[in-house]
Amino acid sequence: EVLHDAGAACWRGGWQPVELRRLVARRGRPAHAHLVTDLVAAHLRPLPPGAVDPRWLAQAADLGADVWWADSDRYLDAFGARWRLDRVTVLDTVLTLIGVLVRLPPVEVLLPPPGTTPKAGAGPGDDGTGRGRPGDGRLLDRVRALLAKAESTTFPAEAEAYTAKAQELVARHSIDEALLAARGDSVAVVPFARRIGVDQPYEGEQAALLQAVARANRCHAVWSPELGFATVFGFDADIDAVDLLHTSLLVQ
């Protein structure tokens, strides 16, 4: 119960499932990350889907958060059996994780915490994907296709050409959006933010790369090394592009 309450406080404090699991994995052992995944599943179990933001649900699905244990009162025993840990190790793992969770600072609430009613139009896009306008999905598909070619080729010059073409498409789309907004022909959008994980090793280099990609796409990135992420500020379509391009460049 104490562990569950500590996790719930983190969700209310703005932490999202993927972020919390990444941070815990950085600071502890694999078992701590497994516990966080189970905390996500336990927190979602009593809530109807309509009470949880779709982006929160998507992160839970990415983590594979599922209630696999049969009896909540015997959860610690089941956890130990599943990961082949003796009871002393399980208790040490749980107590250590509680210590980490209760010391975490609150962060900016970018997604409505589970159990709160998602506000219509809150955040980027109405579908919870950050791609609210009809043309955005098609554009991102084209950008993804170009970046996939860049990642698969063994010729650096070819990879650079595909990446440059993807960036050109993104920039052209951004200009078109600005022209539509100036004429009053598009749906009003507001600046937003998204936290993007910056993992070990080479954190400084990854953060510098993210800052460069963000700057090239009308966004600004602020790195929080102690928390394992950078916060990218900008319009949602631009942030989508930054996320895609940065991830692809890391692969390349």
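**Salt bridges**

I looked up the pair R74 and D77 in this predicted model, and the two side chains meet in a salt bridge with an N to O distance of 2.8 Å. I took a salt bridge to be a side-chain nitrogen of Lys or Arg within 4 Å of a carboxyl oxygen of Asp or Glu. D77 is partly exposed, at a relative accessible area of 32%. For such labels I used under 20% relative accessible area for buried, over 50% for exposed, and partly exposed in between, with a 1.4 Å probe and protein chains only. I then noted that R74 and D77 are linked with R87 in a network of salt bridges. The structure holds 12 salt bridges.

Which residue forms a salt bridge with E203? I found R26 there, with 2.7 Å between the closest N and O atoms. E203 lies in helix α9 (residues 203–216) and R26 in helix α2 (residues 17–27), so this pair ties together parts that are 177 residues apart in sequence. I recorded E203 as buried at 19% relative accessibility, whereas R26 is partly exposed at 24%.

My next entry is K165 with E168, a salt bridge whose closest N and O atoms are 3.8 Å apart. Both residues lie in helix α8 (residues 156–183), three residues apart, which is about one turn of the helix. K165 is partly exposed at 33% relative accessibility, and E168 is partly exposed at 40%.

**Basis of the entries**

I kept to the numbering of residues from 1 along each chain as its sequence is written, and side-chain values use heavy atoms, with hydrogens and water left out. As the model is predicted, local features need pLDDT of at least 70 and side-chain atom pairs count only at pLDDT 80 or more, while totals for chains, interfaces and linings use all residues.

Is D5 buried or exposed? I found D5 exposed, with a relative accessible area of 52%. D5 is part of helix α1 (residues 2–12). I also looked up L101, which is 96 residues from D5 along the chain; the C-alpha atoms of D5 and L101 are separated by 9.8 Å.

On the surface, D5 gathers with E1, D71 and D73 in a patch of negative charge. Residues of a patch have over 30% relative accessible area and no salt bridge, with like charges joined within 9 Å and nonpolar side chains (Val, Leu, Ile, Met, Phe, Trp, Tyr) within 5 Å.

**Strands β2 and β3**

I turned to strand β2 (residues 220–224) and strand β3 (residues 229–234), which run antiparallel and are joined by five bridges. Two strands pair if DSSP finds at least two bridges between them. W223 stands opposite A230 in β3. The hairpin of β2 and β3 has four residues between the strands, and G228 takes a positive phi near 80° there.

**The chain as a whole**

How many helices and strands does the chain have? I noted 10 helices and three strands. Helices (H or I, at least four residues) and strands (E, at least two) are DSSP runs, numbered from the N terminus. From the N terminus on, I read the order of elements as α-α-α-α-α-α-α-α-β-α-β-β-α. As a last entry, 43% of the 252 residues of the chain count as buried.

Definitions and conventions
Areas by Shrake-Rupley, 256 points an atom, 1.4 Å probe, with all protein chains shown as cover. Lys, Arg positive; Asp, Glu negative; His and termini not counted. Charge placed at Lys NZ, Arg CZ, Asp CG, Glu CD.
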